[in-house]
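Here is a short briefing for a first look at a protein model. Keep the sequence and the 3D view open while you read.

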Amino acid sequence: MYVPRTFPVSTNNIDLRILFEDAHFLAVDKPAGVPSQPDLTGDPSMLERIAALQETSGLGPAHRLDRPVSGVLLFGRSEMALRALNGLFRERTVQKTYWAIVEGIAPEQGRCSALLERSARGRKAVTRQAQSAKEQSHLEFRRLAQGDRFALLEVRPEGGGFHQIRALLAAEGLPIKGDVKYGARRGEPDRSIALHARSLAFQHPFRGTPVRIEAPEPVRSIWPALLALR
């Protein structure tokens, strides 16, 4: 299976790390703290930074990572490519793998399910009891490492609901490190949270070949210490 090579590109005095690029798609390693696409803050987004390097007008994100989250972010380089990617995500044929550092002692593995709704102001997800399984959001996780106060999890969500991983883990009593919005004890100095989109895997819709795109391991905060315990 092909794992794309990583190399740095500089734009607007900011390093832009491209993880994968072909005629149809482009994937980057989004730093924590950078918006995926333009928002009300006016801060430069990943979409704007990539557009500065691209000659096409059809560039668009196939999914979204929350601002405090890092990792693989995938873009279509044309309207046709973006439609194809949107179809893969809609049909849930893209395998998404995240790493998360959570507070407390985590079980070796687990599955979280709940109905997720946006709060009145729409700024966070609220878990509810669903009437049927079809209404629920799900994720599975396995523990990669356990420290004294934090655990490192590999997380695989089903679907892509708003704040899905953050809300479901918090509902299980495992808030993500730094995520004070969902019950973490304290925030990170850089306002990031310890959630990292580690990889995306899918069948290339135009070539029919398997693609796996992987982001480098995080080096901020306590990531290196917990990763060393695997």
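Predicted model: local features only at pLDDT ≥ 70, side-chain atom pairs only at ≥ 80, totals over all residues.

**Salt bridges across the sequence**

- Arg-207 pairs with Asp-22, and their closest N and O atoms are 3.7 Å apart. Arg-207 sits in the loop between β11 and β12, and Asp-22 in the loop between β2 (14–21) and β3, so the bridge ties together parts 185 residues apart in sequence.
- Asp-22 is buried, with a relative accessible area of 9%.

**Arg-67 and its two partners**

- Arg-67 forms a salt bridge with Asp-39, with 3.5 Å between the closest N and O atoms. Arg-67 lies in the loop between β4 (60–61) and β5 (70–76), and Asp-39 in the loop between β3 and α1 (46–51), so this pair joins parts 28 residues apart in sequence.
- Arg-67 also forms a salt bridge with Asp-43, where the closest N and O atoms are 2.4 Å apart. Asp-43 is in the loop between β3 and α1, so this pair ties together parts 24 residues apart in sequence.
- Arg-67 is partly exposed, at 27% relative accessibility. Asp-39 is partly exposed at 34%, and Asp-43 is partly exposed at 29%.

**A network**

- Salt bridges link Arg-64, Asp-66, Arg-166 and Asp-179 in a network.

- Asp-29 is found in strand β3 (residues 25–30).
- Asp-29 is buried, yet it has no salt bridge. Its nearest side chain of opposite charge is Arg-17, 4.5 Å away. A salt bridge needs the nitrogen and the carboxyl oxygen within 4 Å.
- Leaving out residues up to four places away in sequence, Asp-29 touches Arg-17, Leu-19, Gly-71, His-196, Ala-215 and Pro-216.

- Arg-121, Arg-123, Lys-124 and Lys-181 form a positive surface patch.
- Lys-124 lies in the loop between β7 (109–118) and β8 (125–128). Lys-124 counts as partly exposed, at 30% relative accessibility.

**Positive phi outside glycine**

- Arg-191 is not a glycine, but its phi is positive, near 65 degrees. Arg-191 lies in the loop between α3 (164–171) and β11 (195–203). Arg-191 is exposed, with a relative accessible area of 74%.
- Ser-221 is not a glycine either, and its phi is positive, about 55 degrees. Ser-221 is in the loop between β12 (210–214) and α4 (223–227). Ser-221 is partly exposed, with a relative accessible area of 43%.

Technical notes: Residues numbered from 1 in each chain as written. Heavy atoms only, no water. Patch = residues over 30% accessible without salt bridge, like charges linked within 9 Å, V, L, I, M, F, W, Y side chains within 5 Å. Areas by Shrake-Rupley, 256 points an atom, 1.4 Å probe, with all protein chains shown as cover. Lys, Arg positive; Asp, Glu negative; His and termini not counted. Charge placed at Lys NZ, Arg CZ, Asp CG, Glu CD. Helix = DSSP H or I, 4+ residues; strand = E, 2+ residues; numbered from the N terminus. Buried < 20%, exposed > 50% of the residue type's maximum accessible area, 1.4 Å probe, protein only. Contact = heavy atoms within 4.5 Å.
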